[in-house]
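Here are some friendly notes to read with the model open beside you. Take the points one at a time, and find each residue on screen as you go.

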Amino acid sequence: MSTARSERGKSTAGRRTTGKNGAVRLNWRVRLRRDKTLLLMTVPAVVLLLIFNYAPLFGLITAFQYYDPLVGVRDSEWAGLAQFQQLFHDPLFWGALKNTLWLSLVQLVLFFPVPIALALLLNTVLSERLRNFIQSVVYLPHFFSWVLAITIFQQMLGGAGILNHFLRQNDMAPWDITTNPHTFALLVTSQAIWKEAGWGIIVFLAALAAINTDLYEAAAVDGAGRWRRMWHITLPGLRGVIVLMLVLRLGNALTVGFEQFLIQREAVGHESADVLDTFSFYYGIATGNYSFGAAAGLFKSVISLLLIWGANKLAHAFGEDGLYRR
């Protein structure tokens, strides 16, 4: 019996290694058996990711071709960098890039802080029933389509909307905000806030729930008021999540919304509403120039990758984890 126990102990010891700090690390086979249920749960998500996110990357080769759908990728004529040369000499492309950067900056300044503020406000609501009701109300617009969201804004702020109806009744000049190119950035940001801010608070509420409540009690005993507790406990507890979401936001800086701008493009004109996504669609796919649209999309992807890499490096420079720990 002692011999059997000895052999079992040697077998178990062979599955473990000791790290630099003395922590015991299991062999990868042991971890695989231990976590097989969780790994099986991730298989559908991984399959969808491979099909819809990684498999289409093969199509990027068309950005370097004169792609003809009748002959396919294999037999299409090779163009090299000709599509990118045409892209960089197109003034419409630079106009779309300018609009994309400007709208992204406006949304970063005006939209990004809103979910944080909503999460902080909800966290102060003592009644759980009231908190759940408010959460349900602010979550609801996320499930509306952009067609419905824009229609609601049109009925409120459009030429025949509630606002202009009120202005006419009071002998004031109407103001059609939905067709004004000068206020378009504020309009689309307002739409994004109304539709997505409630959904964006989920991550911050989870981070708030992870903060140790004993810290608040100890601070209250020491005489710290509500604002001091928020400044010295709540915000530092949210800092890591805020930095992570900011890095992700900067990585998606060139993705400001396709459907939202596609629907409103005709109302305000392409000079103000064209972004990189709509540019690729209208001047690439809609005209049958698929290689040109693929070149614009590849340019956007490369710049987004550089932005998220730079933002993550900046987060590390300030001592935060960012997307991953160093």
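1. Let's begin with a pair of helices in contact. On one side, helix 16 brings Leu276, Asp277, Phe279, Ser280, Tyr283, Gly284 and Ile285; on the other, helix 17 brings Tyr290, Phe292, Gly293, Ala296, Gly297 and Lys300. Sorted by class, this contact between helix 16 and helix 17 has seven nonpolar, four polar and two charged residues. Please keep in mind that you are looking at a predicted model.

2. How do the axes of helix 16 and helix 17 cross? Helix 16 covers residues 276-285 and helix 17 covers residues 290-317; their axes come within 7 Å and cross at roughly 165°. Angles over 145 degrees count as roughly antiparallel, so helix 16 and helix 17 are roughly antiparallel to each other. Their crossing is right-handed.

3. Now try helix 12 (residues 213-221) and helix 13 (residues 226-251). Their axes come within 10 Å, with a crossing angle of roughly 150°. Helix 12 and helix 13 are therefore roughly antiparallel to each other, and helix 12 passes helix 13 in a right-handed crossing.

4. Which residues of helix 12 and helix 13 meet? From helix 12 come Leu215, Tyr216, Ala219 and Ala220, and from helix 13 come Arg229, Ile233 and Thr234. By class, five residues of this contact are nonpolar, one is polar and one is charged.

5. Helix 7 and helix 11 are worth a look next. They pack at an angle of about 60°, and their axes are 7 Å apart. That angle makes helix 7 oblique to helix 11. The crossing of helix 7 and helix 11 is right-handed.

6. To see how helix 7 and helix 11 touch, pick out Val114, Pro115, Ile116, Leu118, Ala119, Leu120, Leu122 and Asn123 on helix 7, then Ile193, Ala197, Gly200, Ile201, Phe204, Leu205 and Leu208 on helix 11. The contact of helix 7 with helix 11 has 13 nonpolar and two polar residues, and no charged ones.

7. Next come the open spaces. The largest pocket has a volume of about 580 Å³. It is lined by 19 residues, and those closest to its centre are Gln107, Phe111, Glu196, Arg249 and Thr255. Which helix gives the largest share of this lining? Helix 11 does, with five residues. Helix 11 (184-209) and helix 13 each supply at least two residues of the lining. By class, the lining of the largest pocket has 10 nonpolar, seven polar and two charged residues.

8. The second largest pocket holds about 300 Å³ of space. Of its 13 lining residues, Asn123, Thr124, Tyr216, Arg226 and Arg229 lie nearest the centre. Helix 7 (113-123), helix 12 and helix 13 each give at least two residues to this lining, and helix 13 gives the most, with four. The lining of the second largest pocket divides into six nonpolar, three polar and four charged residues.

9. Tyr216 and Arg229 take part in the contact of helix 12 with helix 13, and they are among the residues nearest the centre of the second largest pocket. Asn123 belongs to the contact of helix 7 with helix 11, and Asn123 is also among the residues nearest the centre of the second largest pocket.

How values were computed: Residues are numbered from 1 along each chain as its sequence is written. This is a predicted model: local features need pLDDT of at least 70, side-chain atom pairs count only at pLDDT 80 or more; totals for chains, interfaces and linings use all residues. Side-chain values use heavy atoms; hydrogens and water are left out. Axes are lines fitted to C-alpha atoms, for helices over the stretch in contact, and angles run from 0 to 180 degrees between N-to-C directions. Angles under 35 degrees count as roughly parallel, over 145 as roughly antiparallel, 65 to 115 as roughly perpendicular and the rest as oblique. A crossing is left-handed if the near helix is turned anticlockwise from the far one by less than a right angle, and right-handed if clockwise. Contact means heavy atoms within 4.5 Å. Ala, Val, Leu, Ile, Met, Phe, Trp, Tyr, Cys and Pro count as nonpolar, Asp, Glu, Lys and Arg as charged, and the others, Gly among them, as polar. On a 1 Å grid over the protein atoms alone, a cavity is a set of points where a 1.4 Å probe fits but cannot get out, and a pocket is an open set with protein on both sides within 12 Å along at least five of seven lines; lining residues have an atom within 4 Å of a point. Grid points are joined across faces, edges and corners, and a volume is the space filled by probe spheres set on the points.
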